[in-house]
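Biologist: I would like to go through this model one term at a time. For each label, please give the value and the criterion behind it.

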Amino acid sequence: MPQKNSDLDLLIKMLGMTGSDNENQVLIAIRKANEQVKKLAGSWEQLLRGHFTIAADPFTGLDMPTTTFKQAPAFHQPTPQPTPQSRQSQAWTRVKPAPKPRKQDISQKPVKDILDSLGL
Amino acid sequence: MNDLVNLSNIALRKTQYDEIILDGSGSMQRQWWDTLKSIDAYVETLGWDQLDTQLRLSIFTTGHDNIDLIARDCPISQWVPLLKDPPGSPFLRTPLYDAINLMGRRLAKLDPERAAVTIASDGEENGSMVTSLTQARAVLDWCRAKGWQVTLLGVDFNNSMTAEALGFGAQSATGVQRALMSDAMQSIAHKRARYGKTGEQMHFSDDERTQFGGYLNAPKE
């Protein structure tokens, strides 16, 4: 890895030298840069496509949301409270006790009904 | 870059930086404790893995000035567990794109060598004022191009549609069952530590997405 970084440093330096006013220096710098690229990645294409992604500045023309960097409030979990019942609602919800089942008095039933229920 | 990007606690050009963007919308109240617990688990795991990083926890929801509610912003060695001192939120809606916009600006200003951003939400975008889907995606694409790791977690929520729209690959987004949030965040922390030390990309495997997502469907590639 350190070797790679020094190769990259040299490549950057050579590319910087291509801006020189001296034509010979520019030519030498380009040749050296090509040597470095060969060492680093094999070719310019492999170097650029394999190691670099060019993304446009996403903030150009993008408004910034309004913020004042407040601290987050403390979290207070509400303690569950029993739901208060009014007198009226108690009255509404009161359940009337179910009447006790009364014994059937078969003596009151007509004889025909009794015979029908017995299937006779 | 606007000076309102608050970086007062952070030395510029940090080597390692973490940011957790937490949805503070109303529906998150149901899973708030599990989520806070899972973030504590993340920090604890980073400590075990001996990664020294600055961690900022930002909670976002709609309403005036609620887009960046700072819950923590400190080195992990100074982290106060969230369950000990729990941050809250006004619990309104989910302006996800605006939150991404601000996060990107902070990162641009800091320009850390390695950064990991985890976005945790239990719903889709709802309420951004200035940022569109395209703009939010552009910010995330730019972060990814910088080599920073961005992970999208659906808290008890299948986030595959949001993930796809925002350019997340299957390996960097998953829905996580509420009960498994801590396990998922521990797993992410291990990946984060490896990324911090070696540059290895933080990716979920198919098995992990199935494990953490369970009944939630992980996004498809």
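Biologist: How many residues of chain B are in contact with chain A, and with how many residues of chain A?

Modeller: The model is predicted. In it, 35 residues of chain B are in contact with 21 residues of chain A. Contact requires heavy atoms within 4.5 Å.

Biologist: What area is buried between chain B and chain A, and what share do carbon and sulfur atoms give?

Modeller: About 2500 Å² is buried between the two chains, and carbon and sulfur atoms give 68% of that area. On the chain B side, Asp65(B), Ile70(B) and Arg105(B) lose the most area to chain A, together 22% of what that side buries.

Biologist: What is the count of salt bridges between chain B and chain A, and how many residue pairs are in polar contact?

Modeller: The salt-bridge count is zero. A pair would need a side-chain nitrogen of Lys or Arg within 4 Å of a carboxyl oxygen of Asp or Glu. Polar contact, with its N or O atoms within 3.5 Å, gives nine residue pairs, both residues at pLDDT 80 or more.

Biologist: Which element gives the largest share of the side of chain B that touches chain A?

Modeller: H2(B) does, with six residues.

Biologist: Why is H2(B) called largely enclosed by the rest of the structure?

Modeller: Buried means under 20% relative accessible area. In H2(B), 13 of the 15 residues are buried, so the helix is largely enclosed by the rest of the structure.

Biologist: How do you know that the span of helix H2 of chain B is close to the expected one?

Modeller: Residues 96–110 make 15 residues, and the helix reaches 21 Å from its first C-alpha to its last, against 21 Å expected at 1.5 Å a residue. Just after H2(B), Asp111(B) takes a positive phi of about 50°.

Biologist: Why does Asp85(B) count as partly exposed?

Modeller: The class lies between the cut-offs of 20% and 50%. Asp85(B) has 41% relative accessibility, so it counts as partly exposed. Its place is in the loop between strand E3 (69–75) and H2 of chain B. Leaving aside neighbours within four places in sequence, Asp85(B) is in contact with Arg72(B) and Val80(B).

Biologist: Which residues touch the most other members of the largest nonpolar core?

Modeller: Of its 64 residues, they are Leu22(B), Tyr42(B), Ile100(B), Ile119(B) and Phe168(B). A second, separate core of seven residues includes Leu11(A), Ala29(A), Val37(A) and Leu47(A).

Definitions and conventions
Residues are numbered from 1 along each chain as its sequence is written. Chains are lettered from A and ligands numbered from 1 in the order in which they are written. This is a predicted model: local features need pLDDT of at least 70, side-chain atom pairs count only at pLDDT 80 or more; totals for chains, interfaces and linings use all residues. Side-chain values use heavy atoms; hydrogens and water are left out. Helices (H or I, at least four residues) and strands (E, at least two) are DSSP runs, numbered from the N terminus. The expected span of a helix is 1.5 Å times one less than its number of residues. Buried means under 20% relative accessible area, exposed over 50%, partly exposed in between (1.4 Å probe, protein chains only). A nonpolar core is a set of buried Ala, Val, Leu, Ile, Met, Phe, Trp, Tyr and Cys residues joined through side-chain atoms within 4.5 Å. Buried area is the accessible area (1.4 Å probe) that two parts lose on being put together, summed over both. A polar contact is a pair of N or O atoms within 3.5 Å; within protein, one must be able to donate a hydrogen and the other to accept it, and residues adjacent in sequence count only if both atoms are side-chain atoms.
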